[in-house]
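Colleague: I'd like to learn how to read a model like this one, feature by feature. Could you walk me through it?

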Amino acid sequence: MSKKHIVIDPITRIEGHLRIEAVIDENNTIVDAYSASTMFRGIETILKGRDPRDCGLLAMRICGVCTGTHYQRSIEAVEDAFNITIPKNARIVRNLIQGSLYVQDHLVHFYHLHALDFVDVVSALSADPAKTAEEARKWAGVAGVTPYTDGPSEFKEIQDRVAKFVKQGRLGIFGNGYWGNKHYKLTPEQNLIGVAHYLKALDIQRDLAKMQAIFGGKNPHPQSIVVGGVTCVQDIENPARIALFNQLLADGTKFIKQAYLPDVYMAGTMYADEALDSKATFTELMQGKGVGGTGGGLLNFMSYGDFRLDDTGFYHSALLFPSGIVYDGDISKVQDVEHEKISEDVTHAWYEGDKPLHPYDGQTIPKYTGLDKRSDGIAYLKTDEKYSWIKSPIYNDTRVEVGPLARMVVGVARKDERITRYVMDFLKRGNLPVSVLFSTIGRTAARAVETLIMADALVEWSNELAANAAAGDLRTWTEFDFDKVSMNTKGVGLAEAPRGSLGHWVRIANGLVTNYQAVVPSTWNAGPRDYKGRMGAYEASLIGTKVADPNQPLEIIRTIHSFDPCIACAVHVVDTKGKELGVYKIDTQCSI
Ligand code: NFE
Ligand code: MG
């Protein structure tokens, strides 16, 4: 029997425009996969010729989701270039803004972008509310808490609301799911828990977003970070602002502990067979033999490290997330990350260039070569040539995965006490083996564990800030004389964004930016094949996945969503002339 070609374009419930092409064999198993950004934008080019002190505000416009993270990386790159150290209050405030972004972003991802890959909304209509309450208590019990939503009446009320939508034929946000697909594995009661928390999370995430605005001034796109420190002096001085932050955090943390974590245990357990369907044993996985479960992928994990816990210096401080790289899923070894080993390749990306370049020397010169001629009414990607607007980042001549799973794997490999404790506690409570992590489910679970780590760390940091201010230290900015700093210099900001490792590189001559490159988490994960034909993380994660129904590629979407794609970030070049760059067929089902 011949192979079939599945095209999903666009992938929905992500940021930006992503197309996935997958080839399945006669058993509906994916044997080949391609990830393509179909969107073309441009910030790096806009930054050329600018005052370096303005970079942060402009670079942040790369994205509307992880805005503050680009802002901070960009400011750090300029601080690195000018050799500026920021005061303690600025370090803590930046951690608070970034940490708030993590908890909000991860929560939105799990419920609003990813949960419906596991939760069948229509099935929730046949749930028994009393049994649902019992089920919620069971999963909360696994997490060692009481359930966030307690009592049958609340579940009944939510069920009635959804039933009303359905009756009127207005499924709205729930309109286009693959409801009824046999790879949905939750019971009706479990599905009702998922739907209930989906709706509640809409309110919770709004309040978590407010936390970013307390010290950031506004959200999205905060504005209180400047080269040398932060500007939110009043908010640091005023105990009521810190108290408000703590209150919003406490309310959000309640939901994280009593709904998010229990729901991840529920999904993780019900879908554990997929996570563990690898033929390899854990020992073999640890030795780099065999692949992980469904969605495992590259098994090379990188973290630049982030969230400084002290003031000993940018590259010297203890970090919440350690830096390192783990190859082949072998957590017995971890290597240091050296940014000199990073390059971007454009062999299969719509840019000019003939060899991988380090970001200091990176180029962004578009070269669109189009899609293939139509066959069966569809223009496929020219996968032997160029096929994406995303470049292919390479570390030390290896393709790597970045993100929450990478941070947890590197943290455990580094024997970081805090990360190991949270990860092991999660696995022990869920009665899950470590190998469950190397999969789609593992990626999703790692993000939940990270959210919990962050929520707890934020309490420590806000207390640290309050204590520092109460002790009389109100310094927020390190004064520097722009006319006296080196005008011919370069700098890098390397840290972690919610979706993974993020670097901004700036070159400055005569006081102005001469080159600017950002290599972004979704670029690492969503990049196409490289000059050696090696797959990117999305592509590799799809290989071996069995699709229940090729007309409903639920499994592909589930695995791709587990990375939380942000394609706005991954591609950041604008065609200012507004010319048509390609014609894409929009087919929210799938085309074979
Ligand atoms: Ni546009 Fe981002 C994050 C960054 S992208 S959301 O997190 O940096 O991968
Ligand atoms: Mg870039």
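Predicted model: local features only at pLDDT ≥ 70, side-chain atom pairs only at ≥ 80, totals over all residues.

Colleague: Let's start with the domains. How is the protein chain divided?

Modeller: The bounds come from an automatic or database domain assignment. Here domain 1 covers 1-38 + 280-424 + 518-592, and domain 2 covers 85-277 + 439-479. Taken over C-alpha atoms, their centres are 25 Å apart.

Colleague: And how many residues does the contact take from domain 1 and from domain 2?

Modeller: Contact means heavy atoms within 4.5 Å. On that basis, domain 1 brings 39 residues and domain 2 brings 43.

Colleague: How much area do domain 1 and domain 2 bury between them?

Modeller: Buried area is the accessible area (1.4 Å probe) that two parts lose on being put together, summed over both. For this pair that comes to about 3800 Å², with 53% of it on carbon and sulfur atoms. On the domain 1 side, Arg 13, Phe 307 and Arg 558 lose the most area to domain 2, together 20% of what that side buries.

Colleague: How many salt bridges are there between domain 1 and domain 2?

Modeller: A salt bridge needs a side-chain nitrogen of Lys or Arg within 4 Å of a carboxyl oxygen of Asp or Glu. The count between the two domains is five. Separately, have a look at Asp 311 and Arg 91, whose side chains meet in a salt bridge at 2.8 Å, N to O.

Colleague: Now the rings. How do I read an aromatic pair?

Modeller: You describe a pair of aromatic rings by the distance of the centres and the angle of the planes. Rings of Phe, Tyr and Trp (its six-membered ring) pair if their centres lie within 6.5 Å; planes under 30 degrees apart are stacked, over 60 edge-to-face, and the rest tilted. The structure holds 23 such pairs. Take Phe 82 and Phe 480: this pair is tilted, at 6.4 Å centre to centre with 35 degrees between the planes.

Colleague: Where in the chain do Phe 82 and Phe 480 lie?

Modeller: Helices (H or I, at least four residues) and strands (E, at least two) are DSSP runs, numbered from the N terminus. Phe 82 is in helix H3 (residues 67-82), while Phe 480 is in the loop between helix H14 (440-470) and strand S14 (489-497), so the pair links distant parts of the chain, 398 residues apart.

Colleague: Is Phe 82 buried or exposed?

Modeller: Buried means under 20% relative accessible area, exposed over 50%, and partly exposed in between (1.4 Å probe, protein chains only). Phe 82 is buried, and so is Phe 480. Next, Tyr 102 and Phe 307 make an edge-to-face pair, 5.2 Å centre to centre and 75 degrees between the planes. Tyr 102 sits in helix H4 (residues 88-114) and Phe 307 in strand S7 (residues 306-308), 205 residues apart. Tyr 102 counts as buried because its relative accessibility is 0%, and Phe 307 counts as buried at 1%.

Colleague: Which residues do ring pairs link into a cluster?

Modeller: Phe 110, Tyr 111, Tyr 148, Phe 255 and Tyr 260.

Colleague: What about charges over rings?

Modeller: The test is NZ of Lys or CZ of Arg within 6 Å of the ring centre and within 35 degrees of the ring normal. Lys 391 lies over the face of Tyr 351, 5.5 Å from the ring centre.

Conventions
Residues numbered from 1 in each chain as written. Chains lettered and ligands numbered in written order. Heavy atoms only, no water.
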